[in-house]
Amino acid sequence: MCAARHVRAGNPFSCVSDVTRRRPPALDIMELTQQMKPAVPLLLLTLLTVAGQSRAQVGTSLLDLTNSIGSILPGLSRPANHSRIFYAVMFDAGSTGTRIHVYTFIQRDSEELPVLDNEMFHSIKPGLSAYADSPEMAGHTVRMLLKVAKRTVPRLEWKRTPVVLRATAGLRLLATQKARGILDQVQHVFDESPFLVPDNSVTIMNGTNEGILAWISVNFLTGYLNAQSKKTVGILDLGGGSTQITFLPKLRKTIESVPITDYFARFDFFNSTFELYTYSYLGNGLMAARLATLGALGAEGLEWRIFKSSCLPKKFRDEWSFGGITYHVSGDPEGYTGFKLCYQEVLKVVKGIIHQPYELEGSNVFYAFSYYFDRAVDAGLIDGVQGGMLQVRDFKMRAKEVCNKMTKYPPISPFLCMDMAYITCLLKDGFGFKESTVLQLTKKVNNVEASWALGAILDHFHNLRIH
Ligand SMILES: Nc1ccn([C@@H]2O[C@H](COP(=O)(O)OP(=O)(O)O)[C@@H](O)[C@H]2O)c(=O)n1
């Protein structure tokens, strides 16, 4: 029987009522979360500038963007105060959930610059990859979320409002045919919707773009992409299936010391070209790492098997699902548990896989979000609304505490020891952060989700030519 406590603990994966493989999970309306952002106008296009640009250059860039938006959205609405409002809808089809971001932009009259007025955000679990064998359910998920767009965007604007969906690790990890089936269903739902459906509106995004676009979102929202700022921040994104690291290197040696050129990406951003260190590790997201730690990766056809780990409480035994597959998992009743043993297990998922950039320390500040944030909240390290600063050693200390006192934690979250140990290992032995490195744990910046979605909409309106 599905344990409600797991749902309350924010862990939908440990809660499945039967063992049927690839049974399409029911769409749980209660999982639909809504976050209406207060209309605190955010400087949007005023921030769309880069370090070193003059104000004159900035003006030109902004006009460029305004023109390109105007060409996509002809005849924007014009309220009484002569402001023009326009909307854009971005779907994030992640491995653990599907989210809709409805952005409202304001283009003030003549000289004034457009601003991002607010973001409407909803999410539904599970992710679309759970519907590999019932793609019509993927279409249904998107149809449900589109209702949010219909409620947010005035009817008269629907046909001018672009809808775009980008899928990440969940669909990347699926067989091509299955992923295609899901994308086709989504495309069908878009096509029959009243919104503007641009070319390539439904695609799987590559990992490089995921990292770059998240970097753009966070640096844009924090104001670091404005003309005065000489500084940028790095991003650490821990998804369910993949994890991304992206930052602007300052030392030539960082560029020279990578094994292959895939670790760098260039893009144009309003008259400047940025070259970032970026990499997406498919299979190193938190849920995929759980699978690998349990030895359950590629366990197709082994549904009868019980996957054990010393990272789980000894007496724990349950079913756990990821990507539409349900696994039997348990602690090791005869064996030992504890931080040291668990760390050895998670180290295997990281060792020899994650590249350590030459330059990580120094002036690079990193914003860490998604599961870094969620699990830090679950572990009581930060406040779920405020977020906060943590040292890498804070993850390690809490991992030790959780793993060595498992009887205290299992009712709340049986995977907390494994997750905290993995996050510690990924940061320390993976990327090579020092224990004293301070990370900024963030869910939202200026009330907008810290995610690649905003960067992706900017890319949609103004091709950043990421390569
Ligand atoms: N807008 C978003 C998107 C994802 N997330 C978090 O990101 C984590 C998983 O990301 P994901 O399902 O997109 O995973 P990937 O497909 O990127 O690997 C979960 O902890 C989500 O709650 C978030 O907090 N806000």
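**Close-up views of a predicted model**

**View 1. Gly-240 and its surroundings.** Leaving out residues up to four places away in sequence, Gly-240 touches Gly-94, Ser-95, Thr-96, Ala-169, Gly-285, Leu-286, Met-287 and Ala-288; contact here means C-beta atoms, placed from the backbone, within 7 Å. This is a predicted model, in which local features need pLDDT of at least 70, side-chain atom pairs count only at pLDDT 80 or more, and totals for chains, interfaces and linings use all residues. Residues are numbered from 1 along each chain as its sequence is written. Gly-240 sits in the loop between strand S7 (233–238) and strand S8 (242–247); helices (H or I, at least four residues) and strands (E, at least two) are DSSP runs numbered from the N terminus. Gly-240 is buried, with 27 other C-beta atoms within 10 Å. The cut-offs, with C-beta atoms placed from the backbone, are 20 or more other C-beta atoms within 10 Å for buried, 12 or fewer for exposed, and partly exposed in between.

**View 2. Ser-242 in strand S8.** With 26 other C-beta atoms within 10 Å, Ser-242 is buried. Its contacts, not counting residues up to four places away in sequence, include Thr-168, Ala-169, Tyr-281 and Gly-285. According to the unreviewed UniProt entry, the "binding site" annotation covers Gly-240, Gly-241, Ser-242, Thr-243 and Gln-244; such annotations may be inferred rather than shown by experiment.

**View 3. The shell around the ligand.** Look for 20 residues here, the closest being Gly-94, Thr-96, Ala-169, Gly-239 and Ser-370; a residue counts as near if its C-beta atom, placed from the backbone, lies within 6 Å. Helix H4 (169–172) and helix H10 (371–378) each supply at least two residues of the shell. The ligand lies between domain 1 (4–211 + 451–461) and domain 2 (222–287 + 341–445), because both give residues to the shell. These bounds come from an automatic or database domain assignment.

**View 4. Helix H8 (residues 286–294).** Nine of the nine residues of H8 are buried, so the helix is largely enclosed by the rest of the structure. Among them are Leu-286, Arg-290 and Leu-294.

**View 5. Arg-465, an exposed residue.** Find Arg-465 in the segment after helix H13 (453–461). Arg-465 has 11 other C-beta atoms within 10 Å, so it counts as exposed. Not counting residues up to four places away in sequence, Arg-465 touches Phe-267 and Asp-268. Asn-209 is 256 residues from Arg-465 in sequence, yet their C-alpha atoms are 10 Å apart in space.

Notes:
Contact = placed C-beta atoms within 7 Å.
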